[in-house]
Amino acid sequence: PFWNLKQETNFRYQYLTHLAFFGLDIDSQGNIRTRTADGFTEPGWSAYQGEIFGRITRKARQQGVKIILVIRAMDQATIESIITSKTKQDRLLAHLRQVINLKNLDGINIDFEYAGTPTLTLQRNFTQFVQILTHSLKADYPHLEISLDVFADTALKYRVWDLPQLAPLVDHIIVMAYDFHRPSSPIAGPIAPLRGGCPSCLWDLDVTQSLTAFIKQVPPSKLVLGVPYYGYGWQTTSPKVGATTYPDSGELATFQRTQQILGATDTDMTQISSHWDPLSLSPYLTYQSNGRWHQIWFEDERSLKLKYDLVNQTHLAGIAIWALGYDAHHPQLWKLLQNFSR
């Protein structure tokens, strides 16, 4: 992500196959957004053309890493506007050709996160949009890889993504297998539980169940498991598993942040304790601040290794990290990735 580019001095490019820049926003007319509402240069657009990303691109290519651009639309109205209009799709394709040429890109990742329940017509429109985009761009850039991001429940719930129809059109489908608990969750819990979903129903779904459903609809060789380098923290009613969270207390906790806390560099924290949850196969930590309990559920080298083992056992294409830089200078996750990539 553009806000993490300064962490590139910590990247170990030799353990990566692709590096995806996140990202360029697409507006409702099919334009790449270059200006914010108040007239400033859009930060993703600025970073894409900037010196740091240029340096990242050069270093990555020296290690044979492919450079991918993420195009993103995060609200339903924008997505509907684009996928139902050939004029707007043609406009988007023209812009994409420009940015592909600007960086000699190796791929495009479509991160259109439609959270609602679509009509059947809208679902078909989305499939047609991906088909047009893929065929048009690959006609001009035969080497180009096209990938698509989908929610973890997509294979089990009616979504805008028709997986059996989309799978033949793209090179990879990235399963965003995280945010099973969110900052707004009423109960603290794991953001990427490997187990514990129904029928035990500690939460609605777990990573294993998600992948099992995906494999029934998409060839494993096209599936990429998205894994988090972050967690969420909340103020809670107690340090116990399943504790209630206080409203509006949820916040992002990167891997770097968890390591800072475990290293006790925050002096206002007391009773810091790390734990392992055997049900979700996830780590979490608890502490007190100003007499109030807090919990952070996150991922570490132990929980990620279990997910990497699952990827290998099910013969998936690989993993996708959200997000590079969230581990800062800490080497643990790179060491794990080194072993996984062998």
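Biologist: Why does Phe151 count as buried?

Modeller: Phe151 has 17% relative accessibility, and buried means under 20% relative accessible area, with exposed over 50% and partly exposed in between (1.4 Å probe, protein chains only); therefore Phe151 counts as buried. This is a predicted model, in which local features need pLDDT of at least 70, side-chain atom pairs count only at pLDDT 80 or more, and totals for chains, interfaces and linings use all residues. Residues are numbered from 1 along each chain as its sequence is written, and side-chain values use heavy atoms, leaving out hydrogens and water.

Biologist: What makes Phe151 and Trp161 an edge-to-face aromatic pair?

Modeller: Rings of Phe, Tyr and Trp (its six-membered ring) pair if their centres lie within 6.5 Å; planes under 30 degrees apart count as stacked, over 60 as edge-to-face and the rest as tilted. Phe151 and Trp161 are 4.9 Å centre to centre, with 85° between the planes, and the pair is edge-to-face. Phe151 is in strand S4 and Trp161 in the loop between S4 and H6, ten residues apart. Helices (H or I, at least four residues) and strands (E, at least two) are DSSP runs, numbered from the N terminus.

Biologist: Why is the pair of Tyr284 and Trp297 called stacked?

Modeller: The ring centres of Tyr284 and Trp297 are 4.3 Å apart and the planes stand at 10°, so this pair is stacked. Tyr284 belongs to strand S10 (residues 282-289) and Trp297 to strand S11 (residues 292-297), 13 residues apart. Both Tyr284 and Trp297 are buried.

Biologist: Why does Thr154 count as buried?

Modeller: Thr154 has 4% relative accessibility and therefore counts as buried. Thr154 is in the loop between strand S4 (145-151) and helix H6 (163-166).

Biologist: Which residues does Thr154 touch, not counting residues up to four places away in sequence?

Modeller: Contact means heavy atoms within 4.5 Å. Thr154 touches Arg159, Trp161, Leu163 and Phe214, with residues up to four places away in sequence not counted. Trp161 itself counts as buried because its relative accessibility is 3%.

Biologist: What lies 2.7 Å from the side chain of Thr154?

Modeller: The backbone oxygen of Phe151 lies 2.7 Å from a polar atom of that Thr154 side chain. A polar contact is a pair of N or O atoms within 3.5 Å; within protein, one must be able to donate a hydrogen and the other to accept it, and residues adjacent in sequence count only if both atoms are side-chain atoms.

Biologist: Which strands form the open sheet, and in what order?

Modeller: Seven strands form it, in the order S1-S2-S3-S4-S5-S6-S12, and the pairing is parallel. Two strands pair if DSSP finds at least two bridges between them; S4 and strand S5 (residues 172-176) pair over five bridges. In S5, His172 is the bridge partner of Ser147.

Biologist: What caps the N-terminal end of H3?

Modeller: Asp75 does: one of its side-chain oxygens lies 3.3 Å from the backbone nitrogen of Ala77. In helix H3 (residues 76-83), the buried residues include Thr78, Ile79 and Ser81.

Biologist: How do you know that the charged end of Arg302 sits over the ring of Trp276?

Modeller: A charge sits over a ring if NZ of Lys or CZ of Arg is within 6 Å of the ring centre and within 35 degrees of the ring normal. The charged end of Arg302 is 3.8 Å from the centre of the Trp276 ring and sits over it. Lys103 lies over the face of Tyr48, at 5.9 Å from the ring centre.
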